[in-house]
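Keep the viewer open as you read.

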Amino acid sequence: MKAIVQERFGPPDVLRLVDTDLPEIGADDVLVRVHAAALNPYDWHMLRGDPLVARLMGVGLTRPKYRVAGLDAAGRVEAVGANVRGLQAGDEVLGFCPGAFAEYARAEADKVVPKPAGLTFEQAAAVPVAAATALRGIRDVGEVRAGHQVLVNGAAGGVGTYAVQIAAALGAEVTGVCSTGNVELVRSIGAAHVVDYTAEDFTDRHAHYDVILDNVGNRPLRRLRRALTPTGTLVLNAGGSPGRVVGAVGPMLRAVVVNGFVRQRLRILPTREDRAELLALTGLIEDGTLTPVVDRTYPLADTAEGLRHVEQGHARGKVVVTVM
């Protein structure tokens, strides 16, 4: 099969399209024929081994732990392991498929779910990491309820476009923060108010929010807290750019320390791969509550170019690689 591989840490230029062996599956796995794979900030962090502290957390010390990158995928089941029930060859699925930047990827059977019939493979691939992160941040960690004032920083990005829709569906009054060119997009997906960050700093406004989901990490903690209500919740899901030693880890650790001394809830958004979250999301998609926003697509051979676009931090929704 063809796959995008990396033998060392570095910029997108280190990626190569090569022929390699199909992944082997175990008794509890499925082999997915990948039709589309989404690009995430996670992918360029893995590509660069950045921030450096991430290399001590399982990315790999001197070279990448995983030769083929990518996690979000949508495609058709090609084969199933001996213990797998409920899935068979030919089923259309989406989910967490390590090594997704390839024609085939192995996935644990409980990490993929049926693809909603109304989605293209490109739209479906855009769901797993970003939409699950948004659901977790808004519903579980932020505990958003009807009537809440919610602000999403980075509202036009991959996580942000899902977060705005989910918060609005829960009955919150949503304020989205984005650039001038994305104001209408953010309004169209459910934001009652939009702040253009090129013209205004949302932390300077008189408004106070019950929940802030920060997907950008471009404001210091003290200013973010100033925009919260006295008992509001700040959900941190961001920060860092290529070349940082600790990236978002520093601000997040600071929030953990400060949290013990204030009435406001300062929370770090955990990462996980959860089947129940995927099923909740596909349910929201099927009932029309949630719609993936796809910025642009690239062929597999141009994965490096797609990652450059994601690194710049200005994608509108999700960037997707088409594979087959």
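This is a predicted model: local features need pLDDT of at least 70, side-chain atom pairs count only at pLDDT 80 or more; totals for chains, interfaces and linings use all residues.

Strand E11 (residues 209-214) pairs with E12 in the parallel sense, over five bridges. Both strands belong to an open sheet of six, in the order E10-E9-E8-E11-E12-E13, with parallel pairing. The edges are taken by strand E10 (193-196) and strand E13 (265-268). Each edge strand has a single partner strand, so one side of each is left without a neighbour in the sheet. On average, and ignoring direction, neighbouring strands are turned by 15° against each other.

Helix H4 (residues 158-169) lies across E8, strand E9 (173-178) and E11, and runs at about 170° to E8.

## Thr-233 in strand E12

Thr-233 has its place in strand E12 (residues 228-236). Is Thr-233 buried or exposed? Its relative accessibility is 4%, so Thr-233 counts as buried. Leaving out residues up to four places away in sequence, Thr-233 touches Val-141, Gly-142, Asp-210, Val-211, Ile-212, Leu-228, Arg-265 and Arg-267.

How many residues of helix H3 are buried? Of the 14 residues in this helix (residues 128-141), 11 are buried, so H3 is largely enclosed by the rest of the structure. The buried set is Pro-128, Ala-130, Ala-131, Ala-132, Thr-133, Ala-134, Leu-135, Arg-136, Gly-137, Ile-138 and Val-141.

Glu-143 lies in the loop between H3 and strand E8 (149-153). With 42% relative accessibility, Glu-143 counts as partly exposed, because that class spans the values between 20% and 50%.

As background, nonpolar side chains tend to be buried together in soluble globular proteins. Here, the largest nonpolar core has 50 residues, and the members touching the most others are Val-127, Ile-138, Val-150, Tyr-162 and Leu-281. H3 supplies the largest share of this core, with seven residues.

What does Val-127 contact beyond its neighbours within four places in sequence? The list is Leu-94, Leu-119, Ala-132, Tyr-162, Leu-281, Ile-285 and Pro-292. There is also a second, separate core of 32 residues, with Ile-4, Val-30, Val-32 and Ala-69 among them.

## Where H1 meets H9

Helix H1 (residues 41-48) and helix H9 (residues 303-311) pack at an angle of about 110°, and their axes are 9 Å apart. The two helices are therefore roughly perpendicular to each other.

On the H1 side, the contact is made by Pro-41, Asp-43, Trp-44, Leu-47 and Arg-48. H9 contributes Leu-307, Val-310 and Glu-311. Sorted by class, this contact of H1 with H9 has five nonpolar and three charged residues, with no polar ones.

Conventions: Residues are numbered from 1 along each chain as its sequence is written. Side-chain values use heavy atoms; hydrogens and water are left out. Buried means under 20% relative accessible area, exposed over 50%, partly exposed in between (1.4 Å probe, protein chains only). Helices (H or I, at least four residues) and strands (E, at least two) are DSSP runs, numbered from the N terminus. A nonpolar core is a set of buried Ala, Val, Leu, Ile, Met, Phe, Trp, Tyr and Cys residues joined through side-chain atoms within 4.5 Å. Contact means heavy atoms within 4.5 Å. Axes are lines fitted to C-alpha atoms, for helices over the stretch in contact, and angles run from 0 to 180 degrees between N-to-C directions. Angles under 35 degrees count as roughly parallel, over 145 as roughly antiparallel, 65 to 115 as roughly perpendicular and the rest as oblique. Ala, Val, Leu, Ile, Met, Phe, Trp, Tyr, Cys and Pro count as nonpolar, Asp, Glu, Lys and Arg as charged, and the others, Gly among them, as polar. Two strands pair if DSSP finds at least two bridges between them.
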